[in-house]
Amino acid sequence: MKDNYFISINGKQDFDADDSVVSVETTGNYIKKKNFDYIIYKEYDDQDPKRYSTSVLKIDGEKCVTLIKNGENRTKLILEKGKRHHCCYNTEIGCLMIGVFTDKIASNFSDEGGELKVNYSLDVNSNLASINEISVKIRRMD
């Protein structure tokens, strides 16, 4: 399948006085299937551009977003508005069990493009680890 969407992902993480921002720009696909929006894209390794993982965002309107990452560090993160989920976040040194509570989900998509915004917090052993925002924008390239 040919990539036909430009995808811009911006993430912000706050904890105490430390802020970090991550931005990724890539190409991928957008699919509307039943009542779900899917964004599929590859994330390339900075050290070895031949290595990548495939990520899928499954969006259920403004109720739930599921992030599935395949590859060496497989992860499934469930962001459901108003609910806390436990997720195994795979890292190079092993699985880290985290709690995820989602405050806000806003999404608006069409065949031409759209945007997703999610606000959530992460905790480790029930201790707040960070407050996070993610924004995903897509736009048709052809």
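**Figure 1. Strands β1 and β10 pair antiparallel through 10 bridges.** In this pairing, S8 has K137 of β10 as its bridge partner. Strands are DSSP runs of E, at least two residues long, and helices are runs of H or I of at least four residues; both are numbered from the N terminus. Two strands count as paired if DSSP finds at least two bridges between them. The model is predicted: local features need pLDDT of at least 70, side-chain atom pairs count only at pLDDT 80 or more, and totals for chains, interfaces and linings use all residues. Residues are numbered from 1 along each chain as its sequence is written, and side-chain values use heavy atoms, with hydrogens and water left out.

**Figure 2. Strand β1 also pairs with β2.** The two run antiparallel and are joined by 11 bridges. I7 is the bridge partner of T26 in β2. S8 stands opposite E25 in β2. The hairpin of β1 and β2 has 2 residues between the strands. There, D16 takes a positive phi near 50°.

**Figure 3. I7 is a buried residue of strand β1.** I7 lies in β1. Its relative accessible area is 0%, so I7 is buried. Buried means under 20% relative accessible area, exposed means over 50%, and partly exposed lies in between (1.4 Å probe, protein chains only). Leaving aside neighbours within four places in sequence, I7 is in contact with V24, E25, T26, T27, G28, N29, I39, I40, Y41, V136, K137 and I138. Contact means heavy atoms within 4.5 Å. H85 is 78 residues from I7 along the chain, and their C-alpha atoms are separated by 27 Å.

Figure 4. Strands β2 and β3 run antiparallel, with 6 bridges between them. Y30 has I39 in β3 as its bridge partner. The hairpin has 2 residues between the strands, and K34 takes a positive phi near 55° in it. K34 is not a glycine. Most residues other than glycine have a negative phi. K34 is placed in the loop between β2 (18-33) and β3. With a relative accessible area of 76%, K34 is exposed.

**Figure 5. Strand β4 pairs with β3 and with β5.** The β3 and β4 strands run antiparallel and share 8 bridges. D37 has I59 in β4 as its bridge partner. Strands β4 and β5 are also antiparallel, joined by 6 bridges. D60 stands opposite C64 in β5. The β4 and β5 hairpin has 3 residues between the strands, and G61 takes a positive phi near 55° there.

**Figure 6. T66 is buried in strand β5.** T66 is found in β5. It counts as buried because its relative accessibility is 11%. Beyond its neighbours within four places in sequence, T66 is in contact with V56, L57, K58, K76, L77 and I78.

**Figure 7. T75 is buried in strand β6.** T75 has its place in β6. Its relative accessibility is 7%, so T75 counts as buried. Leaving aside neighbours within four places in sequence, T75 is in contact with L67, I68, K69, C88, Y89 and N90. C87 is 12 residues from T75 along the chain, and their C-alpha atoms are separated by 8.1 Å.

**Figure 8. The largest nonpolar core has 23 residues.** A nonpolar core is a set of buried Ala, Val, Leu, Ile, Met, Phe, Trp, Tyr and Cys residues joined through side-chain atoms within 4.5 Å. Those with the most contacts inside this core are I39, L57, V65, V100, L116, V136 and I138. Strands that each supply at least two of its residues include β1 (5-15), β3 (36-44), β4 (52-60) and β5 (64-69). Leaving aside neighbours within four places in sequence, L116 is in contact with L57, I59, V65, I105, A106, S107, F109, I134, S135 and V136.

**Figure 9. The largest pocket has a volume of about 1400 Å³.** On a 1 Å grid over the protein atoms alone, a pocket is an open set of points where a 1.4 Å probe fits, with protein on both sides within 12 Å along at least five of seven lines. The volume is the space filled by probe spheres set on the points, which are joined across faces, edges and corners. By class, the lining divides into 22 nonpolar, 11 polar and 10 charged residues. Ala, Val, Leu, Ile, Met, Phe, Trp, Tyr, Cys and Pro count as nonpolar, Asp, Glu, Lys and Arg as charged, and the others, Gly among them, as polar.

Note on methods. 1 Å grid on protein atoms, 1.4 Å probe; cavity = no way out; pocket = protein on both sides within 12 Å on 5 of 7 lines; lining within 4 Å.
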